[in-house]
Structures are given as structure tokens and as C-alpha cells.
Amino acid sequence: MTVEADVIIVGGGLHGCSSALHLAQRGQRVVLLERRHVGRHSSGINAGGVRTLNRDPAEIGLSVAGMELWRRIEELVGDDCAFHAHGQIRICETEADMEKSARRVALVRGMGFQHEELIGRDELRRLVPAIAPHCVGGHIVRDDGAADPYRTTLAFARRARSLGVDLREGEGLARLDRAGGDWLVVAESGRRYRAPVVVNAAGAWAGDIAAMVGDRVDLRVRASMMMATERMPRFLDPVISAVSRKLSFKQSDAGTLVIGGGQQGVADRTTERTRINFANLARSAEAAIALFPLMQGVRLVRSWCGIEAETVDHVPVLGRSIAAEGIVHSFGYSGHGFQLGPICGAVVADLITRGGTNLPVAGLSLDRFQPRPAEDVPVAAAH
Ligand SMILES: Cc1cc2nc3c(=O)[nH]c(=O)nc-3n(C[C@H](O)[C@H](O)[C@H](O)COP(=O)(O)OP(=O)(O)OC[C@H]3O[C@@H](n4cnc5c(N)ncnc54)[C@H](O)[C@@H]3O)c2cc1C
């Protein structure tokens, strides 16, 4: 028997679950196929940063619009997702860092956004009393914050299911074929699913699905690492990053320090396993101690590493397929897709139910990777 739906979503990360929720809210019959379990990959294990701060200009508008959904996340999914808007600060350690941050704030203001702000030494110390004495200021978004990633992803899945989404875990897409005007998905189990529209939200594996429908996209694999320490008395509210170091640093509700920032381990997409690179992990620890001297000697309790897709320009692919009708892509979030999860689901639902969106997604479609006419000139002729 073939299961019929209006939309089949591939991938039960935050983006797949958010798309499912928004589509179900608009009355679509949705089947979501997740090869392992909801939140198994990046969406369940990320740093939980809800950040509009220092976004690529192509995604600032979408990220800022996304904060509207984060502010009413409980209404949207029936759980507050442990979201706290304590702010995010990018620390400046030198005058050169301050100049860089000032240029950045000017760029953002020039685009018509007001959310990023420069702060000096005194305000930094008021907000972050434990910061190292050499730090001279920062660059802040006061109502950014952090949430619990696994809890958030499960909350989206739960609400989607309660709205009628047929969410199937342990069900991986094996093949995607045309069947008249529809798509036929054959799962690894042999079960078959049919719908006019398929959403590709398969994270690090999304490039394989894009290739099945004839879309070319150059994706790399990221393997960002995280670590968590023993519990400490509360000393930090905002999430900290740094202009000149790879660091994300926050204190959880439980008192542990959760440290990341993009140092890379090793990921194998085939086995879906990752390996810690301890030399790189040590760099994250050194960065944390440099900015927070009280971290010296604090014990690490665990570390982990995720698998994620990264595009060449570090900006996601969100939009229709170029090669095929009835395919919507939502992937390539390149290390910063958690904050975008709630709003990107609304974009996907707009594209499918209204044929377009008013949300600012120009610059995120697959078109940007297609060769321009000049690039088609053979190399020899170009000299
Ligand atoms: C360590 C780490 C820290 C991060 N920190 C932050 C942060 O602080 N803030 C932020 O905004 N972002 C952060 N990110 C990025 C963020 O986690 C990701 O951008 C986001 O979770 C991507 O969600 P997704 O739904 O696209 O992908 P995923 O969560 O990877 O979900 C894709 C799903 O598709 C499934 N799948 C794949 N192939 C198939 C198939 N053939 N059939 C069925 N299912 C399939 C997979 O099993 C997987 O569950 C971080 C990432 C990592 C790894």
C-alpha cells in the first residue's frame, strides 16, 4: 500500500519538524520521514544559541523575523523550550576588535536594522562581571539568547504530531522517483509514500537528495565540537562569543558551562559517527580560560561533536529546486540553523501553500550556485 499525502518531508531535525508544524497549521496532510529519531543529529545536540548577532547579511532579515517566533515559542509549540533572552555579546579584546565591531554595527544599521549595538568596557563589566580584565568592550544584541536544542526539536515534533502530521521515525528515504505529477518515495523499509511535494530537510545528507532530483550543490561536512563542565555557582547570563577567537560560551540553568564555537572534530556521513579532535578541543578550552580566568582548573564532564552540512558561502539553501517541480529545499545551515528553525518552517509552508513568501529569503535560493554565463567560458579560452 502506498501512503498518500500533500507533502512528504525528509528529515526530522528542527527544520523538518518546523516545516511539518507550519504546513499542518495550514491544513496540509504531511508525512515526515526520519531515518533515525527526531533530533538525532545537529538539531538535538547543538549549542542552543538563539542568535541574530553577527549574521551574514543575506540572513539578517530572516533571523530578525525569526525572533518574533522565539518570543512566543510557548504559544507556538506548547513548551518554553528553556528559551532565555539574556542577550549575546561578541567580546572585543583589543582596539582593533572594537573597530571591527564598530564597522559591523554601522553595516547593520546601514541595512535598516537596529538590533546590534556597540558597548564599552564599563557596560561589558556590568553585564559580565567575570570577564577578563584585558577585554575592552563588545558588540551586543540584548534580546538574543539560548534555548535547549533537544527539548525544542521534540516540542516542534510533538506539536506537529498533535496537528495530524504522520511522523515516522526509523524510516529513511532510499529512492525518490517521479510518478505522474507526484513524487514517489521508497523508504529503506520498502514502504512507499506519494505526494506532489517533497521537502528536503535532510541536514548533512540533503545533498544526496538534491542530486536525486538533478540539483547540483557543493556541500561540505562540518563537525563542530562542544564540551560541558561541572556545575559552578551562577556567574554568567548572556551568551559569549569573541571577535578574534572561535568561542561560544554560556552557563546552563543547571550551572554547567557549555563551550563551543566551531572548533572541528571529524564526521563520517556514511557511518553517521563523529570523533573528537582533542587538540582542537583544547583550543576551545584555552579560549574560554583567556576570556574567563575563573575557568582555570574547572573540570570538563563531557564533549561531543555533530554532523552538519555547510555550503560554500555558509548561508543556507532555502527555496525551490531548480531542476524539478515539487521539491523544496531547506538545508545547509552551516553551523547556525537552530535560531532559524522556527521561521524557516514558515517559509517552507509559504512556498508550498501560497507559491511565494513575504519573508526575506532573496539570496538563499539554489540559483546563487548556478554558473553565470561568463563562468561557462572554457578555462583555456579565458586566458
Ligand atoms: C555542535 C553544534 C553546535 C551548534 N550550535 C548552534 C547554535 O548555537 N545556534 C544555531 O543557530 N545553530 C547551531 N548549530 C547548527 C544547528 O544545529 C543546525 O544548523 C540545525 O540543527 C540544522 O537542522 P536541520 O534540521 O537542517 O538538520 P539535522 O538536525 O541534521 O536534521 C536532519 C535529519 O535528517 C535525517 N535524514 C538524513 N537523511 C535522511 C533520509 N534519507 N531519510 C530520512 N531522514 C534523513 C537525519 O537523520 C537528521 O535527523 C550547531 C551545530 C552543531 C553541530
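A backbone N or O atom of His-15 sits 3.1 Å from an oxygen atom of the ligand. That counts as a polar contact, meaning a pair of N or O atoms within 3.5 Å. This is a predicted model, where local features need pLDDT of at least 70, side-chain atom pairs count only at pLDDT 80 or more, and totals for chains, interfaces and linings use all residues. Numbering starts from 1 along each chain as its sequence is written, and side-chain values use heavy atoms, with hydrogens and water left out.

Here are the backbone contacts to ligand oxygen atoms:

| Residue | Distance to a ligand oxygen atom |
|---|---|
| His-15 | 3.1 Å |
| Ser-42 | 3.4 Å |
| Gln-339 | 3.0 Å |

On its own the ligand has 1000 Å² of accessible area, and the protein covers 95% of that (Shrake-Rupley method, 1.4 Å probe). Around the ligand are 34 residues, the closest being Glu-34, Ser-43, Gly-49, Leu-173 and Glu-308; a residue is in this shell if one of its heavy atoms lies within 4 Å.

Now for the domains. The chain splits into domain 1 (2-47 + 150-217 + 313-369) and domain 2 (88-142 + 224-305), with bounds from an automatic or database domain assignment. Their C-alpha centres are 31 Å apart. Domain 1 puts nine residues into the contact and domain 2 puts in seven, with contact meaning heavy atoms within 4.5 Å. Between them the domains bury about 730 Å², 39% of it on carbon and sulfur atoms; buried area is the accessible area (1.4 Å probe) that two parts lose on being put together, summed over both. On the domain 1 side, Ile-45, Ala-47 and Trp-205 lose the most area to domain 2, together 57% of what that side buries.

Conventions:
A polar contact is a pair of N or O atoms within 3.5 Å; within protein, one must be able to donate a hydrogen and the other to accept it, and residues adjacent in sequence count only if both atoms are side-chain atoms.
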